[in-house]
Amino acid sequence: MKAMGRLLPTPTLSLVLLAVWLLLVRSIAPGQLILGTFLAVVIPLLTKGFWDPLPRVRHPLKLVRFVLVVLYDIVKANIQVSLLILSPKRQPHPGFIEYPLQVKEPLTITLLANTVTMTPGTVSTNVRLDRSSLLIHVLDMEDEQALVREIQERYERPLKEIFEC
């Protein structure tokens with residue numbers, strides 16, 4: 001089993017690379033399968049020194065719940081932004097907030113920043129070098145503290161629980 005771990009340091013990445021290769025060449029001919037498998041093994045081996053070790057997902061069910069919450073929030077925010085744009089009477093109140101980070105791990109910060117950016121109406125613009133805060137642009141900011149609490153409760157706290165940060 002140890003030899004398999006050395007040969008395939010990131011099996012999921014290897015499977016994705018193989019699938020992408022086969023999709024790119026649009027063929028499952030034996031030669032393409034062999035070349036794709038070779039690339040799927042060699043590329044992760046050559047690049048493994050550049051990858052940080054990934055934290056283990058401690059609570060997979062909480063991860064599923066987190067993904068569902070984010071998907072729901074994306075749909076809800078799309079509707080809110082559409083109504084804001086289409087409403088001639090309502091003017092947006094854009095602004096920046098500096099969101100104080102409780103997590104310090106690079107992967108968790110990246111997941112939080114990407115989650116904020118995927119939700120329409122908000123964009124993560126900067127992470128402080130000391131990882132103390134995240135600068136977020138908000139399309140329509142009514143209450144800065146309420147937004148900070150919402151991000152903490154809906155996104156950051158679940159990420160901390162999922163990865164046990």
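Colleague: Why is Lys 62 called partly exposed?
Modeller: Its relative accessible area is 35%. Buried means under 20%, exposed means over 50%, and partly exposed is what falls in between, using a 1.4 Å probe and protein chains only. Lys 62 therefore counts as partly exposed. This is a predicted model, in which local features need pLDDT of at least 70 and side-chain atom pairs count only at pLDDT 80 or more, while totals for chains, interfaces and linings use all residues. Residues are numbered from 1 along each chain as its sequence is written, and side-chain values use heavy atoms, leaving out hydrogens and water.

Colleague: What makes Lys 62 and Glu 161 a salt bridge?
Modeller: The N to O distance between their side chains is 3.4 Å. The definition asks for a side-chain nitrogen of Lys or Arg within 4 Å of a carboxyl oxygen of Asp or Glu, so the pair qualifies. It links distant parts of the chain: Lys 62 is in helix 4 (residues 60–86) and Glu 161 is in helix 6 (residues 144–163), 99 residues apart. Helices here are DSSP runs of H or I with at least four residues, strands are runs of E with at least two, and both are numbered from the N terminus. Glu 161, at 28% relative accessibility, is partly exposed.

Colleague: How many salt bridges does the structure hold?
Modeller: It holds 7. One of them joins Arg 90 and Glu 142, with the closest N and O atoms 2.7 Å apart. Arg 90 sits in the loop between helix 4 and strand 1 (95–100), and Glu 142 in the loop between strand 3 (133–138) and helix 6, so this pair ties together parts that are 52 residues apart in sequence.

Colleague: Are Arg 90 and Glu 142 buried, partly exposed or exposed?
Modeller: Arg 90 has 34% relative accessibility, so it counts as partly exposed. Glu 142 has a relative accessible area of 65%, so it is exposed.

Colleague: What separates Glu 153 and Arg 157 along helix 6?
Modeller: About one helical turn, because they are 4 residues apart. Their side chains meet in a salt bridge at 3.1 Å, N to O. Glu 153 is partly exposed at 45%. Arg 157 is partly exposed at 37%. Bridges that share partners join Lys 62, Glu 153, Arg 157 and Glu 161 into one network.

Colleague: Why are helix 5 and helix 6 called roughly antiparallel?
Modeller: The axes of helix 5 (residues 106–118) and helix 6 cross at roughly 150° and come within 10 Å. Axes are lines fitted to C-alpha atoms, for helices over the stretch in contact, and angles run from 0 to 180 degrees between N-to-C directions. Under 35 degrees is roughly parallel, over 145 roughly antiparallel, 65 to 115 roughly perpendicular, and the rest oblique. The two helices are therefore roughly antiparallel.

Colleague: Which residues meet where helix 5 and helix 6 touch?
Modeller: In helix 5 they include Leu 107, Leu 111 and Thr 115, and in helix 6 they include Ile 151, Tyr 155 and Phe 163. Contact means heavy atoms within 4.5 Å.

Colleague: Why does Thr 115 count as buried?
Modeller: Its relative accessibility is 4%, under the cut-off, so it is buried. Thr 115 touches Phe 66, Val 70 and Tyr 155, not counting residues up to four places away in sequence.

Colleague: How do you know that strand 2 and strand 3 pair?
Modeller: Strand 2 (residues 122–127) and strand 3 are joined by 5 bridges and run antiparallel. Pairing takes at least two DSSP bridges, so they pair. Val 123 stands opposite His 137 in strand 3. The two strands form a hairpin with 5 residues between them, and Arg 131 in the turn has a positive phi of about 60°.

Colleague: What makes strand 1 and strand 2 the edge strands?
Modeller: The 3 strands form an open, antiparallel sheet in the order 1-3-2. Strand 1 and strand 2 each pair on one side only. The twist averages 30° from one strand to the next. Strand 1 is joined to strand 3 by 6 bridges; the partner of Glu 98 is Leu 135.

Colleague: Which residues form the covered face of strand 1?
Modeller: Gly 95, Ile 97 and Tyr 99; the uncovered face has Phe 96, Glu 98 and Pro 100.

Colleague: Where does helix 5 lie on the strands?
Modeller: Across strand 1, strand 2 and strand 3, at about 150° to strand 2. Helix 6 also packs on the sheet, touching strand 1 and strand 3, and its direction makes about 50° with that of strand 1.
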